[in-house]
Amino acid sequence: MAVIDPAEEINELTGTLKGIQDVLDLDALLKQIAELEEQAAAPDLWNDVEQAQRVTSKLSHLQGEVNRVQGLARRLDDLPVLFELAAEEGDEDALAEAEKELASLKSDVGALEVRTLLSGEYDSREALITINSQAGGVDAADWAQMLLRMYLRWAERKGYSTEVYDTSYAEEAGIKSATFTVKAPYAYGTLRGEHGTHRLVRISPFDNQGRRQTSFAGVDIVPVVEQTDHIDINEDDLRVDVYRSSGPGGQGVNTTDSAVRITHIPTGIVVSCQNERSQLQNRASAMAVLSAKLLERKRQEEAAAMNELRGESTTSWGTQIRNYVLHPYQIVKDLRTGVEAGNPSAVLDGDLDEFIEGEIRWMRRQESQ
């Protein structure tokens, strides 16, 4: 088989990377990094723990972005040399390594290109995720817990910190619902395509006759509210209930009524938090969750009104988006993008990048139509 001259592919990748650098504006990123490093060096930084965590998290993220771009540029610069040396020495193993590096660079540059598509108003925010079991009884509750683990494992693989605000355990197995945050810049923009219904088909571990069961769980993703957002919440519109935190099987987490459930009466939105020991802390966290959900509701209403003025139909991603089939064959397939994987175990262990990148490209196309 004749070896294809890789020079054209390398030039194309170099052009793509240059375009990415222009979009990301490396000079502006380096300026932000310098400002954040100055803030991080302040002796009183940790007097405000939340602000300190925001500063250090954003600094780490931006440094990672710059290092990623610069690392790809260095690898692209080195790649022609690898091909030249392999050709001069007639070394098949060296040529195979160079071709492997070219394929790896294609993948890595493509993944970085996806990042430049995250330009929505709230895309740079952290993400607030709620998972609810739907149709399917105990299997659906178990499925909801599997999805919770999947997203937490994905975040762990990325080095993103997470905080679980509330978990409502089902009686027999699994969870009724869970709410958590992914605390990383662009987490919302990255994950918002996961919003919708996820369908699982498998042999039920809870069925004595070993029958196949179809289960559904809903994933709701909204951006975390920031101080610049204007969300007015009237205290008279709230019903606040306190109750005792509990874990699976009814095991007590603590012996005080510290868990908080807040109902926003005008909209019917209900949020709760029980991960903190203090009732005040749980209330503050629950209010943050409520604010995020009200912000998303406001955003959706504004988008619907604008679309109505334009004479456009609104697009909803809150329907069934992905099938996870474990029996009679094994496949995970996204119904919108067509992306599929033949190893469900890896996907359920957090290997979601191919699906997420496909979603981001798909959503960008939908929004540009």
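Student: Which residues does UniProt list for "coiled-coil region" in its unreviewed entry?

Tutor: This is a predicted model, in which local features need pLDDT of at least 70, side-chain atom pairs count only at pLDDT 80 or more, and totals for chains, interfaces and linings use all residues. Residues are numbered from 1 along each chain as its sequence is written, and side-chain values use heavy atoms, with hydrogens and water left out. UniProt positions are given in this numbering, and its annotations may be inferred rather than shown by experiment; for the "coiled-coil region" the unreviewed entry lists residues 88-115.

Student: How far apart are the end C-alpha atoms over residues 88-115?

Tutor: Helices are DSSP runs of H or I with at least four residues, strands are E runs with at least two, and both are numbered from the N terminus. Over residues 88-115 the chain is 93% helix and 0% strand, and the end C-alpha atoms are separated by 38 Å.

Student: Which element gives the most to the lining of the largest pocket?

Tutor: On a 1 Å grid over the protein atoms alone, a pocket is an open set of points where a 1.4 Å probe fits, with protein on both sides within 12 Å along at least five of seven lines, and lining residues have an atom within 4 Å of a point. The largest pocket has a volume of about 1,600 Å³, and of its 46 lining residues the closest to the centre are Glu50, Arg54, Glu126, Val224 and Glu226. With eleven residues, the element that gives the most is helix 3.

Student: What is the centre-to-centre distance in the aromatic pair of tryptophan 143 and tyrosine 324?

Tutor: Rings of Phe, Tyr and Trp (its six-membered ring) pair if their centres lie within 6.5 Å, and planes under 30 degrees apart count as stacked, over 60 as edge-to-face and the rest as tilted. The planes of tryptophan 143 and tyrosine 324 are 70° apart, which makes the pair edge-to-face, and the centres are separated by 4.8 Å.

Student: Is tyrosine 160 buried, partly exposed or exposed?

Tutor: Buried means under 20% relative accessible area, exposed over 50%, and partly exposed in between, with a 1.4 Å probe and protein chains only. Tyrosine 160 has a relative accessible area of 26%, so this residue is partly exposed.

Student: Over the ring of which residue does the charged end of arginine 115 sit?

Tutor: A charge sits over a ring if NZ of Lys or CZ of Arg is within 6 Å of the ring centre and within 35 degrees of the ring normal. The charged end of arginine 115 lies 3.9 Å from the centre of the ring of tyrosine 186.

Notes. Points joined across faces, edges and corners; volume = space filled by probe spheres on them.
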